[in-house]
Amino acid sequence: MTIYRAQLLDTPQDPFHGGTLRCDQDGALLVAGGAILDRGGYCRVRAEHTDEEVVDLREGLLLPGFVDTHVHYPQVRIIGGLGMPLLEWLDKCALREEAKLADPSVARSVATEFLTGLVGSGTTSALVFGAHFADAVDDFFVQAAASGLRLTSGLVVGDRLLPPELLTTPDRAHRESVELARRWHAAGRVRYAVTPRFALSTSEEMLEACAQVLRDVPGTLFTSHVNENPVEVADVMRLTGAASYTDAYDRHGLLQARSVLAHNVHPGGEELNLLADRGTAVAHCPTSNCALGSGLFPLRAHLDAGVAVALGSDVGGGTGFCLLKEGLQAYVVQRLQPDGLLLSSAQLLYLATAAGARALGLEGEVGDLSVGKRFDAVWLRPRPGDPLSVGLAHAQDADDALAKVFTLGAPTDIAGVWVDGAGGSNASDKPGHRLAPEPAGCQFVRPSRGSGLGAGRGLGAPDVESASSRRTCRRGGNQIRPR
Ligand SMILES: [Zn+2]
(Lines give C-alpha, C1' and ligand atoms only; values in the text may rest on other atoms or scores of the structure.)
Protein backbone atom coordinates (compact mmCIF):
# COMPACT_ATOMS: atom_id res chain seq x y z
CA MET A 1 0.00 0.00 0.00
CA THR A 2 1.06 3.58 -0.63
CA ILE A 3 -0.02 6.81 1.01
CA TYR A 4 -0.20 9.83 -1.29
CA ARG A 5 0.07 13.00 0.76
CA ALA A 6 -1.28 16.04 -1.07
CA GLN A 7 -3.70 18.90 -1.23
CA LEU A 8 -6.71 17.07 -2.64
CA LEU A 9 -9.40 18.79 -4.67
CA ASP A 10 -12.38 17.06 -6.28
CA THR A 11 -16.14 17.27 -6.85
CA PRO A 12 -17.85 14.05 -5.73
CA GLN A 13 -21.22 15.84 -5.61
CA ASP A 14 -22.47 17.64 -8.73
CA PRO A 15 -21.84 21.39 -8.18
CA PHE A 16 -24.65 22.19 -10.63
CA HIS A 17 -27.01 20.56 -8.14
CA GLY A 18 -25.85 21.66 -4.73
CA GLY A 19 -22.43 20.01 -4.54
CA THR A 20 -19.36 21.97 -3.55
CA LEU A 21 -15.64 21.67 -4.02
CA ARG A 22 -14.13 19.13 -1.62
CA CYS A 23 -10.69 20.03 -0.33
CA ASP A 24 -8.32 18.25 2.02
CA GLN A 25 -5.52 20.71 2.56
CA ASP A 26 -3.11 18.19 4.03
CA GLY A 27 -4.86 15.11 2.81
CA ALA A 28 -3.90 11.52 2.28
CA LEU A 29 -5.05 8.75 -0.01
CA LEU A 30 -4.24 5.18 0.89
CA VAL A 31 -3.89 3.27 -2.37
CA ALA A 32 -3.49 -0.45 -2.95
CA GLY A 33 -3.99 -2.43 -6.12
CA GLY A 34 -4.95 0.77 -7.92
CA ALA A 35 -7.89 1.46 -5.60
CA ILE A 36 -8.34 4.19 -3.01
CA LEU A 37 -8.85 2.38 0.28
CA ASP A 38 -8.87 5.33 2.64
CA ARG A 39 -8.97 9.11 2.46
CA GLY A 40 -8.65 11.73 5.12
CA GLY A 41 -6.31 14.07 6.89
CA TYR A 42 -2.70 12.95 6.58
CA CYS A 43 -2.13 12.67 10.31
CA ARG A 44 -5.02 10.31 10.85
CA VAL A 45 -4.29 8.14 7.80
CA ARG A 46 -0.58 8.00 8.62
CA ALA A 47 -1.22 7.11 12.23
CA GLU A 48 -3.33 4.16 11.14
CA HIS A 49 -0.81 2.97 8.56
CA THR A 50 2.61 3.60 9.99
CA ASP A 51 4.40 0.99 7.90
CA GLU A 52 3.33 2.19 4.48
CA GLU A 53 5.38 4.20 2.03
CA VAL A 54 4.43 7.87 1.74
CA VAL A 55 4.68 9.78 -1.56
CA ASP A 56 4.83 13.45 -0.71
CA LEU A 57 2.92 15.55 -3.27
CA ARG A 58 2.25 18.56 -1.06
CA GLU A 59 3.86 20.94 -3.51
CA GLY A 60 0.94 21.86 -5.78
CA LEU A 61 -2.43 20.13 -6.03
CA LEU A 62 -3.71 16.63 -6.68
CA LEU A 63 -6.86 16.43 -8.82
CA PRO A 64 -8.81 13.53 -10.32
CA GLY A 65 -7.47 12.57 -13.74
CA PHE A 66 -9.17 14.53 -16.51
CA VAL A 67 -11.84 12.87 -18.66
CA ASP A 68 -11.98 14.00 -22.30
CA THR A 69 -15.31 12.98 -23.84
CA HIS A 70 -14.49 13.96 -27.43
CA VAL A 71 -11.09 13.88 -29.10
CA HIS A 72 -9.87 12.64 -32.52
CA TYR A 73 -6.63 10.69 -32.51
CA PRO A 74 -5.90 11.07 -36.29
CA GLN A 75 -5.90 14.86 -35.94
CA VAL A 76 -3.03 15.43 -33.54
CA ARG A 77 -0.80 16.86 -36.30
CA ILE A 78 -3.33 19.43 -37.53
CA ILE A 79 -4.10 21.24 -34.30
CA GLY A 80 -4.00 24.95 -35.09
CA GLY A 81 -5.65 24.91 -38.51
CA LEU A 82 -7.25 28.29 -37.92
CA GLY A 83 -9.26 30.49 -40.23
CA MET A 84 -11.96 28.14 -41.53
CA PRO A 85 -15.51 27.17 -40.60
CA LEU A 86 -16.33 23.50 -39.97
CA LEU A 87 -17.09 22.15 -43.44
CA GLU A 88 -14.18 23.97 -45.10
CA TRP A 89 -11.85 22.86 -42.31
CA LEU A 90 -12.98 19.25 -42.74
CA ASP A 91 -12.42 19.46 -46.49
CA LYS A 92 -9.08 21.25 -46.53
CA CYS A 93 -7.56 20.07 -43.30
CA ALA A 94 -9.05 17.20 -41.31
CA LEU A 95 -10.18 14.69 -43.92
CA ARG A 96 -7.00 14.98 -46.00
CA GLU A 97 -5.01 14.31 -42.87
CA GLU A 98 -7.19 11.35 -41.89
CA ALA A 99 -6.68 9.77 -45.32
CA LYS A 100 -2.96 9.49 -44.55
CA LEU A 101 -3.72 6.88 -41.89
CA ALA A 102 -4.22 4.32 -44.65
CA ASP A 103 -0.45 3.94 -44.31
CA PRO A 104 0.11 1.76 -41.22
CA SER A 105 3.43 3.40 -40.37
CA VAL A 106 1.82 6.85 -40.39
CA ALA A 107 -1.09 5.58 -38.32
CA ARG A 108 1.28 4.07 -35.77
CA SER A 109 3.28 7.27 -35.37
CA VAL A 110 0.16 9.41 -35.13
CA ALA A 111 -1.29 7.16 -32.43
CA THR A 112 1.91 7.45 -30.41
CA GLU A 113 1.92 11.23 -30.77
CA PHE A 114 -1.72 11.38 -29.78
CA LEU A 115 -1.31 9.28 -26.64
CA THR A 116 1.71 11.33 -25.68
CA GLY A 117 -0.36 14.50 -25.94
CA LEU A 118 -3.19 13.01 -23.98
CA VAL A 119 -1.25 11.78 -20.96
CA GLY A 120 0.96 14.86 -21.01
CA SER A 121 -2.13 16.97 -20.45
CA GLY A 122 -3.35 14.95 -17.50
CA THR A 123 -6.12 13.14 -19.33
CA THR A 124 -6.57 9.66 -17.90
CA SER A 125 -9.87 8.67 -19.54
CA ALA A 126 -11.12 9.58 -23.00
CA LEU A 127 -13.68 8.79 -25.65
CA VAL A 128 -11.55 8.85 -28.76
CA PHE A 129 -12.77 9.20 -32.34
CA GLY A 130 -10.74 6.60 -34.20
CA ALA A 131 -9.62 6.33 -37.81
CA HIS A 132 -11.48 5.27 -40.97
CA PHE A 133 -9.15 2.28 -41.40
CA ALA A 134 -9.59 -0.93 -39.41
CA ASP A 135 -5.87 -1.70 -39.29
CA ALA A 136 -5.15 1.76 -37.93
CA VAL A 137 -7.82 1.41 -35.26
CA ASP A 138 -6.54 -2.02 -34.30
CA ASP A 139 -3.05 -0.60 -33.88
CA PHE A 140 -4.44 2.32 -31.91
CA PHE A 141 -6.06 -0.13 -29.49
CA VAL A 142 -2.77 -1.99 -29.14
CA GLN A 143 -1.04 1.23 -28.13
CA ALA A 144 -3.97 2.40 -26.02
CA ALA A 145 -3.95 -0.85 -24.06
CA ALA A 146 -0.20 -0.59 -23.56
CA SER A 147 -0.49 3.01 -22.40
CA GLY A 148 -2.65 1.99 -19.48
CA LEU A 149 -5.01 4.88 -20.13
CA ARG A 150 -8.75 4.36 -19.79
CA LEU A 151 -9.72 4.78 -23.44
CA THR A 152 -12.81 4.07 -25.51
CA SER A 153 -12.55 4.24 -29.29
CA GLY A 154 -13.82 2.77 -32.51
CA LEU A 155 -13.70 2.58 -36.29
CA VAL A 156 -15.06 5.76 -37.88
CA VAL A 157 -17.50 4.95 -40.67
CA GLY A 158 -19.12 6.90 -43.49
CA ASP A 159 -20.51 6.09 -46.94
CA ARG A 160 -21.13 9.48 -48.55
CA LEU A 161 -19.77 13.01 -48.89
CA LEU A 162 -16.26 12.02 -47.89
CA PRO A 163 -13.04 11.66 -49.90
CA PRO A 164 -13.17 8.31 -51.78
CA GLU A 165 -10.40 6.74 -49.68
CA LEU A 166 -12.44 7.29 -46.50
CA LEU A 167 -15.65 5.73 -47.78
CA THR A 168 -16.82 2.27 -46.81
CA THR A 169 -20.01 0.27 -47.19
CA PRO A 170 -22.55 -0.64 -44.52
CA ASP A 171 -21.66 -4.33 -44.79
CA ARG A 172 -17.95 -3.75 -44.50
CA ALA A 173 -18.41 -1.21 -41.73
CA HIS A 174 -20.50 -3.71 -39.77
CA ARG A 175 -18.07 -6.58 -40.28
CA GLU A 176 -14.95 -4.61 -39.37
CA SER A 177 -16.60 -2.87 -36.43
CA VAL A 178 -17.85 -6.12 -34.90
CA GLU A 179 -14.44 -7.69 -35.37
CA LEU A 180 -12.70 -4.80 -33.62
CA ALA A 181 -15.34 -4.54 -30.89
CA ARG A 182 -15.14 -8.26 -30.08
CA ARG A 183 -11.37 -8.02 -29.86
CA TRP A 184 -11.12 -4.84 -27.84
CA HIS A 185 -14.30 -4.04 -25.95
CA ALA A 186 -13.72 -4.40 -22.23
CA ALA A 187 -10.18 -5.66 -22.82
CA GLY A 188 -8.60 -4.29 -19.69
CA ARG A 189 -9.23 -0.57 -19.58
CA VAL A 190 -10.09 -0.12 -23.26
CA ARG A 191 -13.60 -0.25 -24.65
CA TYR A 192 -15.28 0.03 -28.03
CA ALA A 193 -17.51 2.84 -29.31
CA VAL A 194 -19.60 2.59 -32.48
CA THR A 195 -18.60 5.73 -34.39
CA PRO A 196 -20.37 7.03 -37.51
CA ARG A 197 -18.54 10.21 -38.55
CA PHE A 198 -21.73 12.30 -38.58
CA ALA A 199 -25.20 12.09 -40.07
CA LEU A 200 -24.04 14.08 -43.09
CA SER A 201 -21.67 11.32 -44.18
CA THR A 202 -23.76 8.28 -43.22
CA SER A 203 -26.73 6.88 -45.13
CA GLU A 204 -29.72 5.29 -43.44
CA GLU A 205 -28.24 1.88 -44.23
CA MET A 206 -24.96 2.86 -42.58
CA LEU A 207 -26.69 4.07 -39.40
CA GLU A 208 -28.67 0.83 -39.35
CA ALA A 209 -25.38 -1.09 -39.63
CA CYS A 210 -24.11 0.90 -36.64
CA ALA A 211 -27.20 -0.03 -34.65
CA GLN A 212 -26.56 -3.67 -35.52
CA VAL A 213 -23.03 -3.44 -34.10
CA LEU A 214 -24.46 -2.12 -30.83
CA ARG A 215 -26.78 -5.13 -30.72
CA ASP A 216 -24.10 -7.62 -31.74
CA VAL A 217 -21.58 -6.53 -29.12
CA PRO A 218 -23.55 -5.59 -26.01
CA GLY A 219 -22.15 -2.89 -23.80
CA THR A 220 -20.37 -0.97 -26.54
CA LEU A 221 -20.77 2.79 -26.52
CA PHE A 222 -21.98 5.09 -29.28
CA THR A 223 -20.56 8.44 -30.32
CA SER A 224 -20.88 10.93 -33.16
CA HIS A 225 -21.35 14.65 -33.86
CA VAL A 226 -24.52 16.72 -33.73
CA ASN A 227 -25.65 20.31 -34.37
CA GLU A 228 -22.15 21.75 -34.62
CA ASN A 229 -22.49 24.37 -37.36
CA PRO A 230 -25.62 25.99 -38.90
CA VAL A 231 -24.63 25.11 -42.48
CA GLU A 232 -23.94 21.51 -41.45
CA VAL A 233 -27.30 21.31 -39.66
CA ALA A 234 -29.16 22.58 -42.74
CA ASP A 235 -27.36 20.04 -44.94
CA VAL A 236 -28.24 17.19 -42.59
CA MET A 237 -31.87 18.21 -42.49
CA ARG A 238 -32.03 18.40 -46.29
CA LEU A 239 -30.28 15.05 -46.82
CA THR A 240 -31.87 12.91 -44.13
CA GLY A 241 -35.45 14.08 -43.97
CA ALA A 242 -35.27 13.47 -40.23
CA ALA A 243 -37.33 15.54 -37.83
CA SER A 244 -34.09 16.90 -36.39
CA TYR A 245 -30.35 16.21 -36.44
CA THR A 246 -30.78 14.33 -33.16
CA ASP A 247 -33.65 12.35 -34.63
CA ALA A 248 -31.41 11.23 -37.50
CA TYR A 249 -29.60 9.07 -34.91
CA ASP A 250 -32.51 8.35 -32.61
CA ARG A 251 -34.73 6.83 -35.27
CA HIS A 252 -32.11 4.09 -35.61
CA GLY A 253 -32.02 3.45 -31.86
CA LEU A 254 -28.52 4.89 -31.53
CA LEU A 255 -29.19 7.20 -28.61
CA GLN A 256 -28.93 5.54 -25.24
CA ALA A 257 -27.32 6.03 -21.86
CA ARG A 258 -23.93 5.01 -23.26
CA SER A 259 -24.11 7.49 -26.14
CA VAL A 260 -22.15 10.73 -26.35
CA LEU A 261 -22.84 13.36 -29.01
CA ALA A 262 -20.26 16.07 -29.54
CA HIS A 263 -21.05 19.80 -29.76
CA ASN A 264 -24.83 20.38 -29.92
CA VAL A 265 -24.23 24.11 -30.24
CA HIS A 266 -27.47 24.62 -32.17
CA PRO A 267 -30.09 22.25 -30.74
CA GLY A 268 -33.59 22.78 -31.96
CA GLY A 269 -37.01 22.45 -30.39
CA GLU A 270 -37.43 19.06 -28.81
CA GLU A 271 -33.90 17.82 -29.26
CA LEU A 272 -32.77 18.57 -25.73
CA ASN A 273 -35.78 16.79 -24.28
CA LEU A 274 -35.05 13.81 -26.51
CA LEU A 275 -31.42 13.66 -25.36
CA ALA A 276 -32.50 13.91 -21.73
CA ASP A 277 -35.07 11.13 -22.21
CA ARG A 278 -32.47 8.87 -23.77
CA GLY A 279 -29.83 9.65 -21.15
CA THR A 280 -27.44 10.63 -23.94
CA ALA A 281 -24.63 12.98 -22.88
CA VAL A 282 -23.26 15.95 -24.80
CA ALA A 283 -19.54 16.63 -25.14
CA HIS A 284 -19.06 20.38 -24.96
CA CYS A 285 -15.94 21.38 -26.89
CA PRO A 286 -15.54 25.12 -26.36
CA THR A 287 -12.15 25.82 -27.94
CA SER A 288 -13.21 23.96 -31.08
CA ASN A 289 -16.54 25.80 -31.20
CA CYS A 290 -14.73 29.12 -30.94
CA ALA A 291 -11.82 28.32 -33.27
CA LEU A 292 -14.16 27.07 -36.02
CA GLY A 293 -16.65 29.84 -35.32
CA SER A 294 -19.34 27.23 -34.73
CA GLY A 295 -21.13 29.20 -32.03
CA LEU A 296 -21.64 29.62 -28.30
CA PHE A 297 -22.79 26.53 -26.45
CA PRO A 298 -26.20 26.89 -24.72
CA LEU A 299 -25.25 25.26 -21.43
CA ARG A 300 -28.17 26.64 -19.46
CA ALA A 301 -30.68 25.14 -21.91
CA HIS A 302 -28.96 21.74 -21.63
CA LEU A 303 -28.99 21.78 -17.85
CA ASP A 304 -32.59 23.03 -17.72
CA ALA A 305 -33.62 20.12 -19.94
CA GLY A 306 -31.65 17.65 -17.82
CA VAL A 307 -29.05 16.77 -20.46
CA ALA A 308 -25.72 15.55 -19.09
CA VAL A 309 -22.81 17.71 -20.26
CA ALA A 310 -19.06 17.12 -19.99
CA LEU A 311 -15.98 18.56 -21.65
CA GLY A 312 -14.20 17.49 -24.82
CA SER A 313 -11.04 18.88 -26.35
CA ASP A 314 -12.08 17.98 -29.93
CA VAL A 315 -8.46 17.84 -31.03
CA GLY A 316 -7.73 18.84 -33.82
CA GLY A 317 -10.66 21.27 -34.24
CA GLY A 318 -9.94 22.18 -30.63
CA THR A 319 -6.79 24.04 -29.75
CA GLY A 320 -5.04 21.45 -27.58
CA PHE A 321 -5.40 18.47 -25.28
CA CYS A 322 -5.56 20.17 -21.93
CA LEU A 323 -8.96 20.22 -20.26
CA LEU A 324 -7.86 23.14 -18.09
CA LYS A 325 -7.92 25.25 -21.25
CA GLU A 326 -11.30 23.81 -22.22
CA GLY A 327 -12.62 24.66 -18.78
CA LEU A 328 -11.47 28.26 -19.06
CA GLN A 329 -12.96 28.54 -22.55
CA ALA A 330 -16.24 27.06 -21.30
CA TYR A 331 -16.28 29.78 -18.67
CA VAL A 332 -15.60 32.49 -21.27
CA VAL A 333 -18.26 31.16 -23.65
CA GLN A 334 -20.85 31.43 -20.90
CA ARG A 335 -19.73 34.96 -20.03
CA LEU A 336 -20.35 36.03 -23.63
CA GLN A 337 -24.02 35.01 -23.64
CA PRO A 338 -26.84 37.08 -22.19
CA ASP A 339 -28.25 34.02 -20.42
CA GLY A 340 -24.90 32.31 -19.87
CA LEU A 341 -24.10 30.67 -16.57
CA LEU A 342 -21.49 32.17 -14.30
CA LEU A 343 -19.44 29.01 -13.88
CA SER A 344 -17.58 28.42 -10.63
CA SER A 345 -14.20 26.74 -10.50
CA ALA A 346 -15.84 23.73 -8.84
CA GLN A 347 -18.23 23.44 -11.79
CA LEU A 348 -15.30 23.62 -14.21
CA LEU A 349 -13.52 20.81 -12.36
CA TYR A 350 -16.71 18.77 -12.34
CA LEU A 351 -17.12 19.22 -16.10
CA ALA A 352 -13.50 18.12 -16.64
CA THR A 353 -13.65 15.08 -14.36
CA ALA A 354 -16.76 13.60 -12.72
CA ALA A 355 -19.19 14.74 -15.43
CA GLY A 356 -17.00 13.06 -18.04
CA ALA A 357 -16.85 9.88 -16.00
CA ARG A 358 -20.64 9.84 -15.82
CA ALA A 359 -20.99 10.51 -19.54
CA LEU A 360 -18.76 7.52 -20.29
CA GLY A 361 -20.38 5.21 -17.72
CA LEU A 362 -17.23 5.24 -15.59
CA GLU A 363 -18.69 7.01 -12.54
CA GLY A 364 -18.28 3.91 -10.41
CA GLU A 365 -14.56 3.85 -11.11
CA VAL A 366 -13.20 7.36 -11.63
CA GLY A 367 -14.08 11.06 -11.67
CA ASP A 368 -13.23 11.89 -8.08
CA LEU A 369 -10.85 10.75 -5.38
CA SER A 370 -13.31 9.02 -3.07
CA VAL A 371 -12.74 5.79 -1.20
CA GLY A 372 -13.63 2.92 -3.51
CA LYS A 373 -12.64 4.72 -6.69
CA ARG A 374 -9.60 3.85 -8.78
CA PHE A 375 -6.56 6.05 -8.24
CA ASP A 376 -6.62 8.08 -11.46
CA ALA A 377 -5.05 11.40 -10.62
CA VAL A 378 -3.11 14.34 -11.95
CA TRP A 379 -0.53 16.23 -9.91
CA LEU A 380 -0.21 19.91 -10.77
CA ARG A 381 3.00 21.46 -9.57
CA PRO A 382 3.82 24.80 -11.19
CA ARG A 383 7.41 25.93 -11.32
CA PRO A 384 8.29 28.15 -8.36
CA GLY A 385 7.89 31.80 -9.32
CA ASP A 386 5.54 31.09 -12.22
CA PRO A 387 2.31 33.11 -12.15
CA LEU A 388 0.31 30.02 -11.22
CA SER A 389 2.65 29.22 -8.36
CA VAL A 390 2.41 32.81 -7.16
CA GLY A 391 -1.36 32.74 -7.50
CA LEU A 392 -1.70 29.52 -5.52
CA ALA A 393 0.47 30.89 -2.75
CA HIS A 394 -1.86 33.87 -2.45
CA ALA A 395 -5.17 32.13 -3.10
CA GLN A 396 -7.94 33.07 -0.69
CA ASP A 397 -9.36 29.57 -0.49
CA ALA A 398 -9.56 26.32 -2.40
CA ASP A 399 -12.16 27.62 -4.88
CA ASP A 400 -9.94 30.60 -5.63
CA ALA A 401 -6.91 28.35 -6.05
CA LEU A 402 -8.81 26.15 -8.46
CA ALA A 403 -9.94 29.18 -10.46
CA LYS A 404 -6.28 30.12 -10.83
CA VAL A 405 -5.49 26.58 -11.97
CA PHE A 406 -8.10 26.80 -14.74
CA THR A 407 -6.97 30.29 -15.71
CA LEU A 408 -3.21 29.76 -15.71
CA GLY A 409 -2.65 26.00 -15.72
CA ALA A 410 -1.04 24.24 -18.68
CA PRO A 411 0.47 20.85 -19.49
CA THR A 412 3.87 22.17 -18.37
CA ASP A 413 2.48 22.38 -14.83
CA ILE A 414 1.59 18.68 -14.77
CA ALA A 415 4.17 16.81 -12.77
CA GLY A 416 2.54 13.43 -12.51
CA VAL A 417 -0.30 11.30 -13.83
CA TRP A 418 -1.57 8.03 -12.41
CA VAL A 419 -4.06 5.55 -13.81
CA ASP A 420 -5.11 2.74 -11.53
CA GLY A 421 -2.30 3.84 -9.25
CA ALA A 422 0.44 2.03 -11.11
CA GLY A 423 3.60 3.11 -12.82
CA GLY A 424 4.95 3.79 -16.25
CA SER A 425 7.14 6.36 -17.91
CA ASN A 426 6.78 9.99 -18.80
CA ALA A 427 5.96 9.96 -22.48
CA SER A 428 5.91 13.75 -22.62
CA ASP A 429 9.59 13.86 -21.96
CA LYS A 430 10.42 11.04 -24.33
CA PRO A 431 8.69 11.66 -27.65
CA GLY A 432 7.80 8.47 -29.39
CA HIS A 433 8.31 6.35 -26.32
CA ARG A 434 5.63 3.93 -25.22
CA LEU A 435 3.69 5.47 -22.40
CA ALA A 436 3.60 2.56 -20.05
CA PRO A 437 4.83 -0.78 -21.29
CA GLU A 438 3.89 -2.41 -18.04
CA PRO A 439 0.36 -3.80 -18.08
CA ALA A 440 0.11 -2.66 -14.49
CA GLY A 441 -0.84 0.87 -15.45
CA CYS A 442 0.27 4.31 -16.35
CA GLN A 443 2.10 6.76 -14.18
CA PHE A 444 4.54 9.38 -15.03
CA VAL A 445 6.42 11.72 -12.80
CA ARG A 446 8.43 14.42 -14.47
CA PRO A 447 12.12 14.31 -13.68
CA SER A 448 13.84 17.04 -11.74
CA ARG A 449 13.52 20.50 -13.18
CA GLY A 450 17.25 20.98 -12.73
CA SER A 451 19.53 22.56 -10.24
CA GLY A 452 19.72 25.86 -12.11
CA LEU A 453 16.35 26.91 -10.77
CA GLY A 454 17.43 26.93 -7.18
CA ALA A 455 17.22 24.61 -4.29
CA GLY A 456 14.40 23.55 -2.11
CA ARG A 457 11.25 21.50 -2.13
CA GLY A 458 9.25 21.05 -5.24
CA LEU A 459 12.09 21.16 -7.75
CA GLY A 460 12.53 17.45 -8.16
CA ALA A 461 10.56 14.24 -8.10
CA PRO A 462 8.25 13.77 -5.14
CA ASP A 463 9.76 12.81 -1.85
CA VAL A 464 9.13 9.25 -0.88
CA GLU A 465 8.95 8.67 2.81
CA SER A 466 9.58 5.12 3.87
CA ALA A 467 8.31 3.40 6.94
CA SER A 468 11.61 3.96 8.67
CA SER A 469 11.72 7.70 8.08
CA ARG A 470 9.47 10.59 9.12
CA ARG A 471 6.51 9.37 11.06
CA THR A 472 5.52 12.63 12.56
CA CYS A 473 2.95 14.92 11.03
CA ARG A 474 4.33 18.18 9.81
CA ARG A 475 3.21 20.89 7.51
CA GLY A 476 5.10 22.00 4.49
CA GLY A 477 4.91 23.02 0.89
CA ASN A 478 3.12 25.73 -0.96
CA GLN A 479 -0.33 25.15 0.47
CA ILE A 480 -3.59 26.91 -0.04
CA ARG A 481 -4.26 29.10 2.93
CA PRO A 482 -7.94 29.54 3.77
CA ARG A 483 -8.78 32.86 5.32
ZN1 LIG B 1 -15.18 16.02 -33.40
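Mentor: Start at N227, which is found in the loop between β10 (221–226) and α7 (230–240). Those labels are DSSP runs numbered from the N terminus: H or I over at least four residues makes a helix, and E over at least two makes a strand. Before going on, keep in mind that this is a predicted model, where local features need pLDDT of at least 70, side-chain atom pairs count only at pLDDT 80 or more, and totals for chains, interfaces and linings use all residues. Residues are numbered from 1 along each chain as its sequence is written.

What makes N227 worth a look is its phi, near 45 degrees, a positive value in a residue other than glycine. Most residues other than glycine have a negative phi, and most peptide bonds are trans. N227 also counts as buried, because 24 other C-beta atoms lie within 10 Å. The cut-offs are simple: 20 or more other C-beta atoms within 10 Å of a residue's own is buried, 12 or fewer is exposed, and in between is partly exposed, with C-beta atoms placed from the backbone.

H263 lies in strand β11 (residues 259–263). It is buried, with 28 other C-beta atoms within 10 Å. Then there's the peptide bond joining V315 and G316, which is cis, with omega about 5 degrees. G316 lies in the loop between β13 (309–311) and α12. And G279, which follows α9, has a positive phi near 75 degrees.

That brings us to α9 itself (residues 271–278), where E271, L272, L274 and L275 are buried. Down the axis of α9, these buried residues fall within an arc of 160 degrees, so they line one face of the helix; the arc is taken over the directions from the helix axis to the C-beta atoms. The rule behind this: an α-helix has 3.6 residues a turn, so residues three or four places apart point the same way. The buried residues of α9 pack against α8 (245–250), β12 (281–284) and α11 (299–305). Helix α13 (residues 345–352) is mostly covered, with eight of its eight residues buried. Among them are S345, Q347 and Y350.

Helix α12 (residues 323–335) packs on helix α16 (residues 398–408) at about 105 degrees, axes 7 Å apart; each axis is a line fitted to C-alpha atoms over the stretch in contact, and angles run from 0 to 180 degrees between N-to-C directions. The pair is therefore roughly perpendicular, the class for 65 to 115 degrees, whereas under 35 is roughly parallel, over 145 roughly antiparallel and the rest oblique. L324, G327 and L328 of α12 meet V405, F406 and T407 of α16; contact means C-beta atoms, placed from the backbone, within 7 Å. Those residues divide into four nonpolar, two polar and no charged. In that scheme Ala, Val, Leu, Ile, Met, Phe, Trp, Tyr, Cys and Pro are nonpolar, Asp, Glu, Lys and Arg are charged, and the others, Gly among them, are polar.

The contact includes A107, R108 and L115 of α3 and D139, F140 and Q143 of α4. By class, it has eight nonpolar, three polar and three charged residues.

L29, in strand β2 (residues 22–32), is buried, with 28 C-beta neighbours inside 10 Å. Leaving aside neighbours within four places in sequence, L29 is in contact with Y4, I36, R39, L369 and F375. V178, in helix α5 (residues 170–184), has 19 C-beta neighbours inside 10 Å and so counts as partly exposed. V178 touches V213, D216 and V217, not counting residues up to four places away in sequence. V178 and V213 sit 35 residues apart in sequence but 5.9 Å apart in space, C-alpha to C-alpha.

For the chain as a whole, there are 16 helices and 17 strands. Of its 483 residues, 55% count as buried. Among contacts between residues at least 6 apart in sequence, 74% join residues at least 24 apart.

How values were computed
Contact = placed C-beta atoms within 7 Å.
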